[in-house]
Amino acid sequence: MTRTRSDSFANGGTEVERLWTGDYYNEGNNSKESIFDKLKEECGVFGVFGHPDAANLAYYGLHALQHRGEESCGICTSDDGTFHFHRGMGLVKEVFDRDRLESLTGSQAIGHVRYSTSGASQLGNAQPLVFKYRGGDLAVCTNGNLVNEPGIRKELEEAGSIFQTTSDTEVIAHLIARSPKDIVEAVKDAFARLIGGYAFLIQTQGMLIAACDPHGLRPLVMGKLGEAFIFASESCALETIGAEYVRDVQPGELLVLDKDGVREERFAKMERRAICAMEYIYFARPDSDIYGVNLHMSRKRMGQTLAQESFVDADIVTGVPDSSISAAIGYAEQTGIPYELGLIKNKYTGRTFIQPSQELREKGVKMKLSAVRKIVEGKRVVMIDDSIVRGTTSLRIVNMLRDAGALEVHVRITSPPFMNPCYYGIDTPNPADLIASSKTVEEIRQAINADSLYFLSERGLIDSVGGHDDEYNRGLCLACFNNDYPTPVRFEDAKLTSCSCD
């Protein structure tokens with residue numbers, strides 16, 4: 001039951017009145033109920049090793065990664081072997097205030113921001129997860145999803161393990177705790193059992209471990225700030241705190257940081273590199289780089305390639321904020337059609353807010369996005385967007401442009417048709433809800449009320465991103481477009497929530 005509740009946040013302790021959906025802000029929020037049906041990246045991770053102000057660095061790093069998760073966050077520090085941690089529901093700036101950060105002492109920290117799926121937005125699943133075991137304290141956070149988690153969990157439960165959360169991340173802790181080996185070898189053995197896409201940060205007293213799955217599906221970068229080492233899901237977080245980018249953590253690599261420095265080890269050989277294409281298309285910030293490829297530039301190239309593949313005569317080009325702006329600029333530059341801000345995003349609503357009725361929900365779309373009438377009125381508009389999931393978002397935006405007086409609306413998408421669910425850390429709906437899984441491009445065009453519709457080709461996407469010339473698909477995972485999943489797994493048995501946080 002939705003109820004109004006007063007609580008204090010990071011605004012100096014002022015009591016503010018908010019709508020809550022449960023005991024915690026956004027608890028139980030179901031992504032299907034949001035105004036827009038955009039895909040959601042589940043989480044972002046940030047780590048610090050060897051800096052006296054680790055908690056504050058983690059705070060600013062997580063703030064830079066806020067777009068990767070807006071429902072909960074947490075930070076765990078280690079101070080001479082003692083763990084201090086805090087987790088909460090809501091945005092980073094709401095969960096942490098000055099007093100809270102000052103209590104998180106220590107020179108190493110790991111932090112996490114997350115989304116959830118299927119109503120599992122609960123404080124119990126907020127990360128980092130912190131455990132006590134025979135070797136001491138252990139904190140774990142991850143970005144991604146383990147597709148074979150159900151089988152491992154069942155095996156552990158039958159052997160006597162008692163789980164406190166529904167998070168995949170807890171499976172890792174149980175595997176580590178049950179191993180008789182030292183922490184590094186135990187982590188290696190645990191990771192060797194996993195199938196999926198993930199980037200992990202694991203913290204013990206005096207040690208930080210960073211690792212990526214053998215396909216590199218989820219990004220993780222390493223940087224330096226003075227003598228301290230920094231890890232983040234995206235390089236933009238390094239820039240935020242003034243750290244220098246060093247390199248990407250490689251697929252199957254395990255980095256161990258302790259008092260003796262950094263050890264580069266492996267828990268698996270690199271399999272076929274398969275970086276999630278949606279990181280380039282939509283999720284990552286445009287000022288981030290993934291494996292040396294800048295997101296803004298790659299999205300511009302997607303727009304340019306779209307123009308080459310699907311030119312249409314029009315008066316203006318506009319992009320759906322924020323992820324499609326770069327591509328819209330590229331389309332405009334390639335065609336010579338002027339780029340205009342035909343759509344404006346309200347940056348203060350957040351990605352989730354409560355609507356008491358379906359009628360108000362339909363009207364509420366304008367709380368997040370509005371058309372600039374003086375720009376689009378009487379014009380033939382090319383609308384650039386990154387993807388079409390269920391089709392409801394595209395229909396709303398096309399109709400919004402028409403209501404503002406657009407004569408024609410031609411939709412161009414910077415990805416191929418999204419036809420298959422992702423099992424590696426993206427919140428995708430049931431396959432039956434993916435409009436491209438059951439409709440042709442022409443049928444989708446009719447469903448979204450567009451004058452024309454074109455999706456970027458797979459080859460156009462691959463070439464636009466660039467990447468690794470000598471690798472399959474130039475190192476991209478395109479499974480959501482072509483059903484070519486990089487991991488061997490029985491997907492009918494895989495957990496469908498797509499997020500290891502759930």
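Q: Which helices each supply at least two residues of the lining of the largest cavity?
A: Rolling a probe the size of a water molecule over the atoms shows where empty space is left. In this predicted model, α8 (277–283) and α16 (479–482) each supply at least two residues of that lining. Helices (H or I, at least four residues) and strands (E, at least two) are DSSP runs, numbered from the N terminus. A cavity is a set of points, on a 1 Å grid over the protein atoms alone, where a 1.4 Å probe fits but cannot get out, and lining residues have an atom within 4 Å of a point.

Q: How many cavities of 30 Å³ or more does the structure hold, and what lines the largest cavity?
A: There are two cavities of 30 Å³ or more, and the largest has about 80 Å³ of space. A volume is the space filled by probe spheres set on the grid points, which are joined across faces, edges and corners. The lining of the largest cavity consists of 14 residues, with Cys276, Cys422, Cys477, Ala479 and Cys480 nearest its centre. By class, 13 are nonpolar, none polar and one charged. Here Ala, Val, Leu, Ile, Met, Phe, Trp, Tyr, Cys and Pro count as nonpolar, Asp, Glu, Lys and Arg as charged, and the others, Gly among them, as polar.

Q: What is the order of the four strands in the parallel sheet?
A: Strands of a sheet pair through backbone hydrogen bonds, either parallel or antiparallel. Two strands pair if DSSP finds at least two bridges between them. The four strands form an open sheet in the order β20-β23-β24-β26, with parallel pairing. β20 (316–319) and β26 (452–455) are the edges, each with a single partner strand, so one side of each has no neighbour in the sheet. Neighbouring strands of this sheet are turned by 20 degrees against each other on average, direction ignored; axes are lines fitted to C-alpha atoms, and angles run from 0 to 180 degrees between N-to-C directions.

Q: Where does Val381 find its partners?
A: β20 and β23 are joined by four bridges, with Ile316 opposite Val381 in β23. β23 (residues 380–385) pairs with β24 (residues 408–413) over six bridges, and Val409 in β24 is the bridge partner of Val381. In β20, Ile316 and Thr318 point one way, Val317 and Gly319 the other, and all are buried (under 20% relative accessible area; exposed is over 50%, partly exposed in between; 1.4 Å probe, protein chains only).

Q: Which strands stand at the edges of the six-stranded sheet?
A: This open sheet has the order β8-β9-β10-β11-β15-β16, with antiparallel pairing. β8 (129–133) and β16 (261–266) stand at its edges. β8 is joined to β9 (residues 136–146) by five bridges, and Val130 stands opposite Ala139 in β9.

Q: Is Cys43 buried or exposed?
A: Cys43 is buried, with a relative accessible area of 0%, and is found in strand β4 (residues 43–49). An unreviewed UniProt entry annotates Cys43 as "active site"; UniProt positions are given in the numbering used here, feature names are shortened, and annotations may be inferred rather than shown by experiment.

Definitions and conventions: Residues are numbered from 1 along each chain as its sequence is written. This is a predicted model: local features need pLDDT of at least 70, side-chain atom pairs count only at pLDDT 80 or more; totals for chains, interfaces and linings use all residues. Side-chain values use heavy atoms; hydrogens and water are left out. On a 1 Å grid over the protein atoms alone, a cavity is a set of points where a 1.4 Å probe fits but cannot get out, and a pocket is an open set with protein on both sides within 12 Å along at least five of seven lines; lining residues have an atom within 4 Å of a point.
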